[in-house]
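Dear colleague,

Please find below the structure that I am handing over to you. My notes on its metal site and its pockets follow it.

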Amino acid sequence: MKNDFICPKCDGHLLVGEFIVFTAITKKGKRGLILISPHLGDYTRVLHPTFQVEKGENVDYFCPFCHANLAAFDIEPRLVRLLMIDENSEKHEIFFSGVEGENCTYKVSEKKYEKYGSSSEVYDIYFKTRRV
Ligand SMILES: [Zn+2]
């Protein structure tokens, strides 16, 4: 069984086929759909060619069901929060950067903390301090 990805606000299932689906708005007000890989550490994504995001631009990610802004305001607003249910039915919080070009993902649960991506040091401190 594959990992499942759900909205932390409404429990909507965001994984469709090979991608996790979001609606997104850039700080400049451009709107579009973003599909990202469900494999942690894989930064493959699909955007419509008309939806262009510049490197370093901050993007707000929204749940396509309940339209909640998925930013982790309580930790760091540039991070996007999801829930993941793994193949053992264990629940993890997943965080990734909403800043274009920052490749980092964090998997956090009571038992485990894992980080992925070339930019993973950027937000590592938030999770280290949180776990103390
Ligand atoms: Zn939702």
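In these notes, helices (H or I, at least four residues) and strands (E, at least two) are DSSP runs, numbered from the N terminus. The model is a predicted one, in which local features need pLDDT of at least 70 and side-chain atom pairs count only at pLDDT 80 or more, while totals for chains, interfaces and linings use all residues. Residues are numbered from 1 along each chain as its sequence is written, and side-chain values use heavy atoms, with hydrogens and water left out.

Metal site

The zinc ion has as its protein donors the SG atoms of Cys 7, Cys 10, Cys 63 and Cys 66, which lie 2.3 Å from it. Donors here are N, O and S atoms within 2.8 Å of the metal (3.2 Å for Na, K and Ca); water is not among the atoms, so sites may look incomplete. The arrangement is tetrahedral because the four donor atoms subtend angles of 103 to 112 degrees around the zinc ion; for four donors, that term requires all angles to lie between 85 and 135 degrees. Along the chain, the donors follow the spacing C-x2-C-x52-C-x2-C.

Cys 10 is partly exposed, at 32%. (Buried means under 20% relative accessible area, exposed over 50%, and partly exposed in between, with a 1.4 Å probe and protein chains only.) A search of the whole structure finds zero disulfides, that is, pairs of cysteine sulfur atoms within 2.5 Å.

Pockets

A pocket is an open set of points on a 1 Å grid over the protein atoms alone, where a 1.4 Å probe fits, with protein on both sides within 12 Å along at least five of seven lines; lining residues have an atom within 4 Å of a point. The largest pocket has a volume of about 290 Å³, a volume being the space filled by probe spheres set on the points. Its lining comprises 24 residues, with Ile 36, Tyr 43, Arg 45, Phe 96 and Thr 105 nearest the centre. Strand 9 (residues 91–97) supplies the largest share of that lining, three residues.

The second largest pocket has a volume of about 160 Å³. Among its lining residues are Leu 83, His 92 and Val 108, and strand 9 again gives the most, with three residues.

Yours sincerely

Key. Four donors count as tetrahedral if all angles lie between 85 and 135 degrees; four count as square planar and six as octahedral if opposite donors are over 155 degrees apart and all others between 65 and 115; anything else is irregular.
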